[in-house]
Amino acid sequence: MNGDHDRLRESLRDLADVAEPTDLYERAVRRSRRIARREAAVGATAAVVVLAALGSGLWRLPQAARDEPPAYAAVARSSEAPTLAPSWSATTETRPLPTAVPTTKVAEIRPPYRGSRPKARATTATPLSRTIADLPGHAFYREGGTVVKLSPSDGATQTVLRDATSAVGVSPDGSRIAYEVDGSLMVGPTTPDATAQQVATGVTAPDQAPAWSPTGDRLLVTLERPGVLDLASGEITPLPEGLTAGQHFRWSGDGSKLVYATAHCGLEIAGTEDQSGTVVPVLGDTQPADNPDGLAACKPTSVDATGQRVTVPLQTTGETAAGTDAADAVVDTATGDLVQLPVTGSVVGTVFDAEGNLLVRTRQDDVTKLWLFGPDNTLEVQATEPASVRDFELIAYTG
């Protein structure tokens, strides 16, 4: 038994002597490379199959996923588009591309009115004279109950009315003044300490200045209703029914037009034979699209020779006609535009005479100036205003 064991051990030693060591790391590397080559071949084969399917059109994405607009693009669908299935539906129905709702044609859109918006001021004109003595006629001012007349030729001022409690109207030639006292219509000369004469009774609107006709022989006043008083005969002719709701009437210089305010602080213009007036655009309109700046004109104060332009104290919608009689704006009666005046400084007074001359009063750096424009818009005079009327309001000009 021991001899058998000895022979077995000897045989094992002989075997060990001839065996070589095995490198397991090298074997693992070779196996890994074989696996990688096999996976690459499988991937390439799969790619070829996918490309073939796409080329044949057998594989398609769901149509709904492509048709839905992005979340940030709010696209309206036409009424003909089918109702979309809920997002949780498994439907694969093909849906049409979204179409926009037809838009309104440009011609159907009414753009906001721009005429009353602030515009760039026109270039300042060069005057023919810078001397106050070259300003013809007379300018009338008011402060409280006192009305004064400025004679630019000599710079003198005269008080023509004291303790006035109503609106006043100055005749086209500057020689007379009309006003109300306790319901009576009074007319007197524009001279110091003059005596006035009663020409009518029953005045019901003392805050509406009597409007002189261009010829100076008639007065438009409000008694029981607006009417025209003939100063020679005392006869009063009521205005047509379509004009009786008007307020603060003013004649054009040629006598062919009447411009007046409406109850909502708009303006209307009418021929003297017309039964009703035509609305001046913009002013008093409560629609923001047509009157974006909310402008109103409660009290026209003078009209040019033909009725194309009118001076007004510019106000805003909702205000009343009470307050200043000094106009600070010129309005085009055909368009409602604010006329841009070629002056410097703030406009604190504007008034036409019967011939269509426009006197503009401005204030800048505590200096007040008068600018006289002729009917053809020529700047005839630009001069510093006398200090004696510094605190008064400009209410009338007679060339």
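## The disulfide

A disulfide is a pair of cysteine sulfur atoms within 2.5 Å. The structure above, which is a predicted model, holds one of them. Its two partners are C265 and C298, with sulfur atoms 2.0 Å apart. The link of C265 and C298 is right-handed, with 105° about the S-S bond. This pair connects distant parts of the chain, 33 residues apart: C265 is in the loop between β13 (257-261) and β14 (267-271), and C298 is in the loop between β16 (295-297) and β17 (302-303).

Are these two cysteines buried or exposed? C265 counts as buried because its relative accessibility is 7%, and C298 counts as buried too, at 1%. Here, buried means under 20% relative accessible area, exposed means over 50%, and partly exposed is in between (1.4 Å probe, protein chains only).

## How to read the model

Residues are numbered from 1 along each chain as its sequence is written, and side-chain values use heavy atoms, with hydrogens and water left out. Because this is a predicted model, local features need pLDDT of at least 70 and side-chain atom pairs count only at pLDDT 80 or more, while totals for chains, interfaces and linings use all residues.

## The chain as a whole

What does the secondary structure come to? The chain has three helices and 25 strands. These are DSSP runs, numbered from the N terminus: helices are H or I with at least four residues, and strands are E with at least two.

Of the chain's 399 residues, 37% count as buried. The chain exposes about 22900 Å², and carbon and sulfur atoms supply 53% of that; areas like this come from the Shrake-Rupley method with a 1.4 Å probe, and for residues only the protein chains shown count as cover. Now take the contacts (heavy atoms within 4.5 Å). Among those between residues at least 6 apart in sequence, 45% join residues at least 24 apart.

## Strand β23 and its neighbours

Let's zoom in on strand β23, residues 367-373. Five of its seven residues are buried, so β23 is largely enclosed by the rest of the structure. Two strands pair if DSSP finds at least two bridges between them. Strand β22 (residues 358-364) is joined to β23 by seven bridges, and the two run antiparallel. β22 and β23 form a hairpin with two residues between them, and D365 in the turn has a positive phi of about 50°.

On to strand β24 (residues 379-384): five bridges join β23 to it, and these strands run antiparallel. Here F373 has L379 of β24 as its bridge partner. The hairpin of β23 and β24 has five residues between the strands. In a regular strand, by the way, the side chains alternate between the two faces of the sheet.

## Residues with a positive phi

Most residues other than glycine have a negative phi, and most peptide bonds are trans. That makes a couple of residues worth a look. N377 is not a glycine, yet it has a positive phi of about 75°. N377 sits in the loop between β23 and β24, and it counts as partly exposed because its relative accessibility is 49%.

D182 is not a glycine either, and its phi is positive at about 50°. You can find D182 in the loop between β5 (176-181) and β6 (184-189). At 75% relative accessibility, D182 counts as exposed.

## Salt bridges

How many salt bridges does a search of the whole structure find? There are six, where a salt bridge is a side-chain nitrogen of Lys or Arg within 4 Å of a carboxyl oxygen of Asp or Glu. Among them is E241 with R225, at 3.6 Å from N to O. E241 lies in the loop between β11 (236-238) and β12 (247-251), and R225 in the loop between β9 (218-222) and β10 (226-230), so the pair ties together parts that are 16 residues apart in sequence. E241 counts as exposed at 59% relative accessibility, whereas R225 is partly exposed at 32%.

R218 and D217 also form a salt bridge, with the closest N and O atoms 3.7 Å apart. R218 is partly exposed, with a relative accessible area of 32%, and D217 counts as partly exposed at 37%. Another of the salt bridges brings together the side chains of D304 and R309 (3.7 Å, N to O). Both D304 and R309 are buried.
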